[in-house]
Amino acid sequence: REAQAVSRIESEHVARVLDVGRTSSDAPFIVMEHLRGVDLARKLAARRTLSIPVAIDYVHQACDAVGEAHALGIVHRDIKPSNLFLVTRRDGTELVKVLDFGISKVTEPLEGTSLELTATADSTILGSIAYMSPEQLKSAAQAEARSDIWSLGVVLYEMLAGVRPFDGESAVATAAKIASSNPVPLRSLRADVSEPLAA
C-alpha cells in the first residue's frame, strides 16, 4: 500500500520508490532512494527550537508533499518530526522529505487497486498520539486531509516553542488533553512569534 501511494506522488519532498516486489520467501519489500541527513526529531532533540523562518520553510516544504498526496486522495495519518527527513542539497539548502506512508489512507481508488487495501477498523489507533487530531483519535478510519493539517500544526508549534501543544504523563492523558483542552498560547512560550503565525 505504501509503495502504491508514494509512487504516485511526484513532489521532490517525498522519498522516491524505486522498486516493489516480494522475496523468494514471499516477504514484501520496497526499495526507496537512499537519503543522507537527519530527521526533524533528532534536530529538535539537539536544538530544542528553530528560528521562525526555518520552521516555516520546513512546514511549507512538507505541505508541498502532503498537499499533492491529498489531491490524489491519500491521507498520511502519521505526520510527526521523525517522519520529516532533512537532506542537504548540493547548493547547501535543506530539502524536507516526508517519509512513511505505511499507514496512509486512500480515499479514492488508485489505479490497479481498490479501497479495501486501506480499510481501517473504526476502533484502530494508527499514528502517533501526540500529533493526532481529535477526530483521528476517535477513529483512524475518519482521518481526512484536515487531520494531516492538524499534525503539521503540532509540528510547527513544537519547532517554535520547544514543546508540543498537548502533552500528558501517558498516551491516554495526552489524548484527553487533545480532546478537551486548548493548547498553551504559543506567544506565551515564544514572544517573537507574530499573532498571525500563532493563530
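**Note on selected residues and helix α2**

1. Valine 20 is partly exposed, because its relative accessible area of 47% lies between the 20% limit for buried residues and the 50% limit for exposed ones. The residue belongs to strand β1, which covers residues 17-22. Together with Ile30 and Met32, Val20 makes a nonpolar surface patch of about 220 Å². The model discussed here is a predicted one.

2. Helix α2 comprises residues 40-47, and Leu40, Lys43 and Leu44 are buried in this helix. Viewed down the axis of α2, the buried residues fall within an arc of 100°, and they therefore line one face of the helix. An α-helix has 3.6 residues a turn, so residues three or four places apart point the same way. On the other side of α2, Arg42, Ala45 and Ala46 are exposed.

3. Against which elements do the buried residues of α2 pack? Two of the partners are helices, namely α3 (52-71) and α5 (145-161). The others are the strands β3 (37-39), β5 (84-88) and β6 (94-98).

4. The two ends of α2 also deserve attention. At the start of the helix, a side-chain oxygen of aspartate 39 comes to within 3.0 Å of the backbone nitrogen of alanine 41. Just after the helix, arginine 48 adopts a positive phi of about 70°.

5. Leucine 95 is found in strand β6, one of the elements against which the buried residues of α2 pack. Is leucine 95 buried or exposed? Its relative accessibility is 8%, so leucine 95 counts as buried, the limit being under 20%. Setting aside residues up to four places away in sequence, leucine 95 touches Glu12, His13, Gln61, Phe85, Leu86, Val87 and Arg89. A further distance concerns tyrosine 58, which is 37 residues from leucine 95 along the chain: the C-alpha atoms of these two residues are separated by 8.1 Å.

6. Serine 128 is located in the loop between β7 (105-106) and α4 (134-138). With a relative accessibility of 18%, serine 128 counts as buried, since the limit is under 20%. When neighbours within four places in sequence are left aside, serine 128 is in contact with Asp78 and Lys80. With lysine 80 there is a polar contact between the two side chains, at 2.8 Å.

Terms used
Residues numbered from 1 in each chain as written. Predicted model: local features only at pLDDT ≥ 70, side-chain atom pairs only at ≥ 80, totals over all residues. Heavy atoms only, no water. Buried < 20%, exposed > 50% of the residue type's maximum accessible area, 1.4 Å probe, protein only. Helix = DSSP H or I, 4+ residues; strand = E, 2+ residues; numbered from the N terminus. Arc of directions from axis to C-beta. Contact = heavy atoms within 4.5 Å. Polar contact = N/O pair within 3.5 Å; in protein donor to acceptor, adjacent residues only side chain to side chain. Patch = residues over 30% accessible without salt bridge, like charges linked within 9 Å, V, L, I, M, F, W, Y side chains within 5 Å. Areas by Shrake-Rupley, 256 points an atom, 1.4 Å probe, with all protein chains shown as cover. Salt bridge = Lys/Arg side-chain N within 4 Å of Asp/Glu carboxyl O.
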